[in-house]
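Here is a briefing on one structure, grouped by topic. Have the sequence and the 3D view open as you read.

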Amino acid sequence: MRSRKRGLLAVLSAATVALSGLVVAGSVWPAEAAVAPADGGVYTLANGSSGKCAVVAGGSVDNGALLQQIACAATATEQQFRAVSQSGGYNLVNIKSGRCVDVPSSSTTSGTQLQQWGCGDGTKTNQQWVFTASGAASGKYLIRSVAGNLCISNKDGSTSGGNPIVQETCSDIARMQWAFNAVGAAPSPSPTSGGRTWSNTADGFAAGTTGGAGGTTVTVTSQADLVRYAAASEAYIIRVNATINVSPYGMEIPVKSNKTIIGVGRNGRIKGGGFFLGAGTRNVIIRNLTIGDTLMAEDDPDDKDYDYDGIQMDTADHIWIDHNTISRTNDGLIDSRKDTSYLTVSWNNLGNTNKAFGIGWTENVTARMTIHHNWIHDTNQRNPSTDNVAYAHLYNNYLSNIASYGNLSRGATKMVLENSYFENVANPYYPDTSAAQLRESGSIRVNCTGKASTNGSAFNPGSFYSYTLDPAANVPALLRTYTGPQSNIGN
């Protein structure tokens with residue numbers, strides 16, 4: 001028995017290697033045609049023993065909703081899954097919920113029913129799958145978990161609707177064979193994480209921000225050193241090369257002018273705290289860090305008692321916030337308060353909290369800011385809420401799984417929104433009063449509800465700076481790959 005199992009795994013491994021080299025381009029597949037799965041493709045998954053399709057039970061969009069099988073319906077988004085390439089395999093992202101097929105608690109028990117759960121940054125091994133061509137059924141694939149090396153199966157090979165979808169010890173038999181039936185056109189592959197380099201120059205309204213350039217470069221691994229250099233009057237480039245556990249819990253580390261605080265590759269983490277930029281602070285870069293983890297259970301869900309922001313700015317100027325992952329904070333991930341201006345927020349992964357990004361707390365209408373290529377996900381409000389901003393330019397952002405509202409233009413804000421992607425978002429974008437302007441173009445909405453409205457002509461961003469728009473259809477794959485800390489920044 002052991003030798004047979006080893007032989008099967010060898011066959012699976014060889015087939016997987018062959019599949020990984022597959023390149024699909026330049027063709028259009030008819031809806032519901034069985035194909036080789038490819039990065040970025042959207043599919044229904046039809047089981048070899050029943051002919052029924054995998055589905056999130058009840059079309060739920062909640063974490064923990066279980067997978068089962070049901071009669072196939074190509075247009076039912078709860079049956080559609082997008083294959084998203086990661087370093088260890090693929091995520092299978094449900095189109096209706098935006099959540100990933102997930103092995104509960106990374107279980108290695110055969111027979112465990114699968115669920116959906118928030119995808120996070122896509123690197124969870126219990127949400128990564130390897131597709132292996134079946135040697136027994138042409139056009140079908142085994143789907144193996146990276147975490148437990150078990151395969152997705154229709155329990156007991158039942159033909160009944162509602163039968164659980166589970167994981168089992170891999171075997172090339174009908175109940176573990178799946179046809180990937182394409183929905184729509186052939187996909188464009190996602191970018192690879194190592195295939196792009198990054199400028200060290202701020203763009204958008206923060207252009208000219210240089211941070212600690214010209215000052216001393218230091219590397220810190222302790223809170224004491226980080227606090228000392230961040231608060232110094234001199235210019236510093238501060239390289240964070242460790243996880244710094246902040247004490248007291250929730251502390252926002254004060255940052256003075258002319259600082260660059262940058263993570264070394266993916267090593268820099270500020271855990272249990274954040275940063276504060278007070279009035280008069282200018283010329284600051286915060287880049288390539290993981291920040292947050294300040295949730296207070298007794299303050300859930302309102303976040304009114306503990307003001308633990310990831311980054312808070314009160315009348316700061318010339319600030320560049322780039323390539324950070326900020327999550328699980330007890331108040332805002334980012335708060336741009338009072339008359340903070342000349343701000344660019346780019347390529348950040350912002351998620352898993354109540355309030356994402358609040359802008360305002362002022363009667364003045366002077367602020368200028370650029371918000372581009374950010375993935376905002378699994379949040380409730382302030383995504384961002386943009387109040388009394390003279391010029392707010394939002395482009396190529398990806399909003400997914402938003403419960404309350406997306407891009408909100410408030411007060412006397414003039415907002416331009418371009419080529420963004422909204423997926424499972426309530427009220428994707430709108431102005432809250434007749435005085436607030438919002439001009440939108442080129443964006444895509446998928447499974448969204450509520451308001452998507454505009455008002456006025458706002459302004460022309462191109463009269464202030466040059467920029468390049470990515471096609472909105474490419475935004476989800478681009479931002480899942482490139483937001484947050486990158487290994488080739490800060491070294």
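F464 is partly exposed, with a relative accessible area of 33%. Here buried means under 20% relative accessible area, exposed means over 50%, and partly exposed lies in between (1.4 Å probe, protein chains only). This is a predicted model: local features need pLDDT of at least 70, side-chain atom pairs count only at pLDDT 80 or more, and totals for chains, interfaces and linings use all residues. Residues are numbered from 1 along each chain as its sequence is written, and side-chain values use heavy atoms, with hydrogens and water left out.

**Aromatic pairs**

- The structure holds 21 aromatic pairs. Rings of Phe, Tyr and Trp (its six-membered ring) pair if their centres lie within 6.5 Å; planes under 30 degrees apart count as stacked, over 60 as edge-to-face and the rest as tilted.
- Y391 and F464 form a tilted pair, because their ring centres are 4.8 Å apart and their planes stand at 50°.
- Y391 lies in strand β33 (residues 389-395), and F464 in the loop between β40 (444-446) and α3 (475-482), so the pair ties together parts that are 73 residues apart in sequence. Helices (H or I, at least four residues) and strands (E, at least two) are DSSP runs, numbered from the N terminus.
- Y391 is partly exposed, at 22% relative accessibility.
- F422 and Y429 also make a tilted pair, with 5.5 Å centre to centre and 50° between the planes.
- F422 is buried at 0% relative accessible area, and Y429 is buried at 3%.
- Which residues do ring pairs link into a cluster? They are F205, Y391, Y395, F459, F464, Y465 and Y467.

**Charges over rings**

- The charged end of R337 sits over the ring of W361, 5.4 Å from the ring centre. The criterion is NZ of Lys or CZ of Arg within 6 Å of the ring centre and within 35 degrees of the ring normal.
- K451 places its charged end over the ring of Y430, at 4.4 Å from the centre.

**Nonpolar cores**

- The largest nonpolar core has 50 residues. Such a core is a set of buried Ala, Val, Leu, Ile, Met, Phe, Trp, Tyr and Cys residues joined through side-chain atoms within 4.5 Å.
- L226, I238, I261, F275, L277 and M313 touch the most other members of this core.
- Leaving aside neighbours within four places in sequence, I238 is in contact (heavy atoms within 4.5 Å) with residues including V218, L226, Y229 and I261.
- A second, separate core has 23 residues, among them V35, V56, A83 and W178.

**Strand β18**

- β18 (residues 259-263) is mostly covered, with five of its five residues buried.
- K259, I261 and G263 point one way, T260 and I262 the other, and all are buried.
- β18 pairs with strand β15 (residues 236-240) in the parallel sense over five bridges. Pairing requires at least two DSSP bridges between two strands.
- I237 stands opposite T260 in β18.
- β18 also pairs with strand β21 (residues 282-287), in the parallel sense over four bridges. The bridge partner of K259 in β21 is V284.

- β2 is largely enclosed by the rest of the structure, because six of its six residues are buried.
- V42, T44 and A46 point one way from β2, while Y43, L45 and N47 point the other way.
- β2 and strand β5 (residues 80-85) pair in the antiparallel sense over three bridges. V42 stands opposite R82 in β5.
- β2 and strand β13 (residues 178-182) pair in the antiparallel sense over five bridges. T44 stands opposite N181 in β13.
- G48 lies in the loop between β2 (42-47) and β3 (53-56). G48 is partly exposed, at 31% relative accessible area.
- The C-alpha atoms of G48 and I173 are separated by 8.3 Å, though the two residues are 125 apart along the chain.
- Not counting residues up to four places away in sequence, G48 touches K140, A174 and Q177.

**Confidence**

- The mean pLDDT of the protein chain is 90, and 90% of its residues reach 70 or more. pLDDT is the predictor's confidence in each residue, from 0 to 100.
- Over residues 1-32, pLDDT stays under 50. For this stretch the model has 41 contacts beyond four places in sequence.
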